[in-house]
Each structure stands twice: as structure tokens, then as C-alpha cells.
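Good morning, and thank you for joining. Please look at the model on the screen before we go through it together.

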Amino acid sequence: MIRIAGATVNQIPFDWKNNVDNIVSAIREARNQNVKILCLPELCLTGYGCEDLFLSDWLSEKAWHHLQAIPEHCDGITVSVGLPVRIDGITYNGACVISNKKILGVTLKQNLAKDGVHYETRWFEAWPATQVTDLGTAYQHVQAGDLTYEVEGIRFGFEICEDAWRQTNRPGYRLCERGVDLIMNPSASHFAMSKSELREKVVVIDGSAKFNCVYVFTNLLGNEAGRMIYDGDIIIGQRGRLLAVNRRLSFKKVNVLACDIDFREPGNTRPVKSLDNKEKNEELAQAVSLALYDYLRKSKAKGFVLSLSGGADSSLCAVLVAEMVKRASAEIGWKDFCASLGLDEKEINGSWQRAVNKLLTCAYQGTRNSSETTLEAARSLAGSIGAEFHAWTIDEEVTSYTAKIEKAAGRKLSWETDDIALQNIQARTRSPIIWMLANIKRAVLLTTSNRSEGDVGYATMDGDTSGSLAPIAGLSKTFILQWLRWAEKNLAHTGLHAVNNLQPTAELRPLERNQTDEADLMPYAVLEEIERHAILNRKSPLQVYEAMKDHYDAGQLKAYIKKFFRLWSANQWKRERLAPSFHLDDLNVDPRTWCRFPILSSAFAEELEALE
Ligand SMILES: Nc1ncnc2c1ncn2[C@@H]1O[C@H](COP(=O)(O)OP(=O)(O)OC[C@H]2O[C@@H]([n+]3cccc(C(=O)O)c3)[C@H](O)[C@@H]2O)[C@@H](O)[C@H]1O
Ligand SMILES: Nc1ncnc2c1ncn2[C@@H]1O[C@H](COP(=O)(O)OP(=O)(O)OP(=O)(O)O)[C@@H](O)[C@H]1O
């Protein structure tokens with residue numbers, strides 16, 4: 001039996017102290033557990049999200065410099081540490097093996113991730129299979145490339161993240177021919193709901209079966225650089241059998257998971273019981289909570305400010321902040337939680353509502369078009385989670401702006417002639433004052449944009465899109481509505497009761513006009529179905545129609561499809577200006593991550609005509 005392990009770490013781009021400290025803590029913990037071989041995540045020394053800094057000479061040089069602090073901690077253990085390596089002005093993505101205090105070599109990634117949220121080909125070049133090079137004097141003549149290693153009688157090699165997601169060029173095939181006993185996979189694999197099972201299957205179960213070996217996968221952890229969240233999964237398998245999976249999305253900066261392996265008699269290897277929870281609503285709550293917690297502590301902001309309407313989107317943001325407090329404090333303890341966010345532990349005195357009160361300030365900003373129902377929904381939700389709550393009206397300011405524009409235009413504005421302008425001025429008037437609240441609190445202003453409204457630009461720019469972080473912009477409206485019902489029941493958020501009984505409405509037109517989102521747009525379920533075909537599966541308008549036509553009236557469906565593509569195209573500029581958001585689902589519409597589209601285009605003119 002030999003004990004092998006993975007260790008996940010919560011890193012920060014080029015925060016050398018944080019990153020080296022976490023790596024050293026992981027090694028120390030592994031050595032305490034008598035681990036002999038330890039796999040750390042991809043690019044864990046620099047962080048995965050250094051972006052164009054990977055193109056500099058200095059980042060890789062500094063990474064190599066900081067790597068030198070690690071071997072002294074590797075007495076009696078073999079460790080792999082991810083870092084960029086620059087060879088002749090080209091950057092490669094490497095995993096450095098340190099064994100018993102000595103650097104043995106650096107394996108370089110052979111397949112770069114370039115789909116979805118990944119843009120590795122901008123920064124790195126893929127290393128050719130079977131090639132090996134000497135890194136030269138600056139790197140102490142260490143060998144690099146397509147290497148295999150042997151320690152403790154175990155032969156091993158690497159697949160680095162994307163390497164394992166390729167059907168054809170998986171390095172595992174060649175490693176298998178070289179007779180390795182163990183493949184390690186340092187990864188930076190982003191969170192998306194329901195993805196973790198795929199990771200277990202494709203990477204570890206299939207990999208260890210195909211290559212007849214033991215397989216250790218280790219992912220990065222947390223919201224490293226602002227947008228992507230890493231699950232921090234450690235997965236160990238042997239010849240197609242899953243042996244160990246840790247609890248993902250931990251609030252601890254370092255997690256180690258070890259397993260005793262019998263390499264010769266796999267039947268003797270005993271699996272470790274897993275406490276991971278893969279239920280979709282639950283993993284979403286955990287992922288966003290972790291992302292908010294990391295964002296707060298890494299940005300050093302003092303809390304969050306939120307314009308709370310009593311509607312679904314802002315209520316979801318409020319509840320997720322409360323979940324962040326409950327989940328983080330439960331896992332790391334009040335002492336560390338308060339210390340990490342600059343709270344006074346004595347004042348909080350173990351109460352999650354008191355902590356929410358310090359970290360979340362909400363304001364209901366009514367107009368004459370707002371209803372008592374939404375005010376009460378907002379008030380009762382804020383009260384139930386302990387958030388600081390204010391309610392004021394903005395009619396005075398809206399009237400003042402409108403009067404000035406009426407004077408300039410030389411006419412009265414009316415709902416018949418100026419519908420959108422009169423809606424937008426209300427949403428915009430809420431913005432300066434909520435920003436002011438964020439300024440005095442030195443807090444991050446949350447914007448409540450969701451993905452469905454992002455698709456069609458159903459939001460006022462610099463109004464309800466104001467804010468510096470959009471935690472739920474990756475989620476569709478139908479998901480949000482069902483999640484809130486789930487949370488009322490399963491997370492005991494009884495304060496959501498009133499929210500869950502409301503129909504989505506902007507409340508920007510006079511109440512007697514009964515404005516609803518779905519009447520303005522189309523049913524959210526239809527919008528989401530069109531979105532999946534058009535955006536996720538990249539279908540043309542006609543192909544979208546073909547895919548959906550059996551379930552809808554033809555004329556109605558064509559009208560919905562046209563509306564979707566027209567609004568989608570006209571509002572790219574708006575998506576470019578949405579606040580940074582978390583990547584949470586298998587698609588998002590943030591142009592900096594998953595979805596790129598031109599700001600100016602034909603708006604599918606010819607393709608929409610083809611529908612007729
Ligand atoms: N291609 C382009 N590149 C750059 N800018 C472009 C542009 N096209 C328009 N614009 C600019 O955009 C402006 C229009 O955009 P914007 O002012 O945001 O407003 P707009 O998109 O015209 O209208 C906002 C929509 O969102 C809805 N809304 C608003 C607020 C809250 C909610 C809710 O659900 O709670 C819903 C509202 O009912 C309305 O349908 C134009 O005046 C023009 O200046
Ligand atoms: N009366 C209000 N008080 C405070 N903020 C408001 C008010 N009305 C709208 N807002 C802000 O504008 C945002 C956009 O409104 P929107 O209607 O899209 O979302 P919602 O009200 O949270 O949810 P829903 O669409 O389900 O009603 C809200 O999330 C909120 O931040």
C-alpha cells in the first residue's frame with residue numbers, strides 16, 4: 001500500500017505569499033498524513049487567471065524564483081506544482097515534480113483549453129508529444145516536456161486538465177504504452193452546474209480504465225480571479241473504479257484528500273466514503289456562496305449593497321449573501337470568518353443574522369408605480385435574514401428630471417408617446433443614490449441582472465444594471481424562480497414566501513397597466529428554449545424554428561424567434577457593459593467569458609427573412 005493524495009488550494013493571481021503559503025500548508029498536511037505522492041492543481045503557483053501577464057517574461061521568472069521555496073518542505077514526499085514556464089519567448093503550462101527536496105522535471109501541457117470560458121491559446125503554446133528539452137541555466141538545466149517519472153517504485157506521468165478532455169490526443173495513451181502505474185491530473189476546471197459528475201466519469205473513471213492505472217485529479221478551488229469558480233475537487237480512481245471524491249466548493253483555503261492504494265492488487269484498495277453533494281440547487285447555493293465570500297475577502301470590500309425590490313432577482317441576491325454567511329461560518333468557524341472579512345467576532349456573537357446585518361445593506365426605492373405587495377415582500381425578506389433595510393421613494397427626483405426634459409423638449413411626456421423613456425428614468429434614478437450608499441459603506445454594489453434579461457437587453461443601462469458585481473447574471477429566469485421556491489422549503493428561507501407568490505414585473509409603468517416581464521417579452525420558458533438552441537447550440541433562426549415547431553403555433557413561434565434574435569443583436573453593447581458575473585451554467589452571455597458576438601451586425605436580417 002502506498003498513500004497518494006490530491007490537495008486543492010484557493011489561490012489569487014500572482015499573490016505569491018498567499019499561493020506559496022497554501023502550497024506549503026498542503027504539503028505539510030499531506031506529510032502529516034504520511035502521503036508519499038501529492039498532486040496540486042494546474043498553475044497553482046501563479047494562479048490560473050493571470051491572463052496577459054502570462055505573455056510577460058517576468059511572471060514565469062518570478063514563478064520559478066518562488067518555486068525554490070518549496071523543495072525544502074518536500075522531505076520524504078513527491079509533489080507536483082503547477083506553474084508557467086517560458087522557453088525562447090514562448091509560455092508553456094507546466095507541472096513541476098519535486099521529490100525528496102529535488103526538482104525532477106517539468107511536464108508541459110499538450111492540449112490547450114480553447115472552448116467556452118477558456119482562452120489558453122492566447123497565452124500558451126501546446127507542447128508536442130514525445131519531445132523533451134533542457135530548460136537551460138536560468139532553470140538549473142531541469143528537463144521539461146513529455147516526461148515520465150519513477151519514485152517509490154511507482155512510474156507516473158501527467159495529463160494536465162484539457163489533456164484529459166480530448167478523445168484523440170490524450171497523453172494517457174502514450175503514458176500507458178510506457179507502462180505508468182499512476183497518472184496525475186492538475187486542473188483548473190471551471191464550475192458549471194451538473195459538471196462534476198462528467199469530470200469524474202470522463203477524466204478519472206474512463207482515464208483509469210483506459211490506461212489501466214491509478215488516476216489522481218486535483219482542481220483549483222474557489223473564485224480565484226473574479227468570474228470563474230473552481231470546484232476544488234480531488235478525485236482518485238483505479239482501473240475504472242472511483243475510490244475517493246472530496247466535498248467540493250470548500251471555504252477552507254487548503255483541502256487534502258488521501259487514499260491508500262495497492263498498485264499490485266487493486267482489489268485490496270479500499271474506497272473512501274464521499275460527502276459531496278451534487279444536487280443542482282444545492283451546488284448552486286454552495287458555489288455562489290463561495291464566490292461571494294472569495295470576492296469580498298479578496299477585494300477587501302466591507303460588504304454588499306443591494307437595491308431590493310421584493311422581486312425574484314434582487315431577493316435571490318439577498319438570500320445568496322445570507323447563505324454565504326451561514327455556509328462559510330459553519331465550515332471555517334466564526335473566528336476565521338470574522339477575521340477574514342474584518343468583522344468584530346464579539347459583536348457578531350455567533351449570530352448569522354447579525355453578520356448579515358454588517359455585510360448586507362438593502363434599500364427599497366419606491367415610485368408611484370410600486371406596489372405595497374413588493375414593499376412588504378422586500379421588508380419581510382430583509383428582516384428574515386437580518387439585513388440592514390431602508391425604504392424611500394424616488395418620485396421627487398423622477399419628477400424633477402422629467403420636468404427638466406419636458407422644458408428642454410418643449411412638450412409634456414406621456415405613457416402613450418414616451419413609454420420606454422418614462423420607465424428608464426425610474427430605473428436610472430435608483431442608481432446614483434444606491435451607489436452613494438455603497439460608497440459610504442465602502443461596499444460592493446450588487447447588480448441583479450439575470451441571463452434571460454441579458455439575452456434581450458431587458459434592463460436599463462446605468463439603471464438597474466448599475467453595480468460592480470452581477471452574481472446571478474449567469475442564471476436564467478426560470479432557474480431563478482424554481483431555485484427560490486426550493487430555497488424557501490429546503491433552506492428554511494421562510495422570508496421568501498411573499499417573493500415566491502409574485503409574478504415577475506418591472507413595476508415601471510402605472511399599476512393599472514399591469515406590466516409583466518412575460519407580456520413585454522415572451523414566456524420565459526420559450527425565451528430559454530430559444531436561447532439554448534440559438535446560443536448554446538449555435539443554431540440559425542430557421543434551425544431554431546425547426547427544432548421547436550412541433551410544440552408551438554407556427555406564427556407565434558416565428559414572432560418569438562424574430563423578437564429574440566433582433567433583441568439579442570441590438571443589445572450586444574449592453575451585454576458588453578454588464579458588471580462582471582460568475583460563470584454558473586453551461587452557457588453565459590458575458591462577452592468576456594463564454595459568449596462573443598459583434599456589437600454591430602446585420603442582426604440576422606436575411607436569416608430572419610428565411611423564416612417566412
Ligand atoms: N447599438 C448600440 N450601441 C450603443 N448604444 C446603443 C445602441 N443601441 C441603443 N443604444 C443606446 O441605448 C439606449 C437605450 O437603452 P436603455 O436606455 O438601457 O433602454 P432600452 O433598452 O431602450 O429599454 C429598456 C428596456 O428594459 C426594460 N426594463 C428596464 C428597467 C428594468 C426592467 C426590469 O425588468 O425591472 C426592465 C424596459 O421595460 C425596456 O423594455 C438608447 O437611448 C441609445 O442611447
Ligand atoms: N422598488 C424597487 N426598490 C428597489 N430596487 C428596485 C425596485 N424596483 C426595481 N429595483 C431594482 O431593479 C432591479 C431590476 O428589476 P427586475 O424587475 O428585473 O428584478 P426583480 O424586481 O428583482 O425581479 P422580478 O423581475 O422577478 O420582479 C431589481 O432587482 C432591483 O435591484
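Helices (H or I, at least four residues) and strands (E, at least two) are taken as DSSP runs, numbered from the N terminus. This is a predicted model, in which local features need pLDDT of at least 70, side-chain atom pairs count only at pLDDT 80 or more, and totals for chains, interfaces and linings use all residues. Residues are numbered from 1 along each chain as its sequence is written, and chains are lettered from A and ligands numbered from 1 in the order in which they are written.

I begin with ligand 1. Of the 17 residues around ligand 1, the nearest are Ala427, Thr460, Met461, Ala506 and Trp573, where near means a C-beta atom, placed from the backbone, within 6 Å. Helices α11 (419-441) and α14 (517-520) each supply at least two residues of this shell, and α11 gives the most, with 4 residues.

Ligand 2 is surrounded by 19 residues, with Ser309, Gly311, Ala312, Asp313 and Pro504 the closest. Here α6 (312-341) and β18 (360-366) each supply at least two residues of the shell.

I turn now to a sheet. Six strands form an open sheet of mixed pairing, in the order β8-β9-β10-β11-β14-β15; two strands pair if DSSP finds at least two bridges between them. Its edge strands, β8 (149-151) and β15 (241-245), each pair on one side only. Strand β14 (residues 234-238) pairs with β15 in the antiparallel sense over 4 bridges, and Gln238 stands opposite Arg241 in β15.
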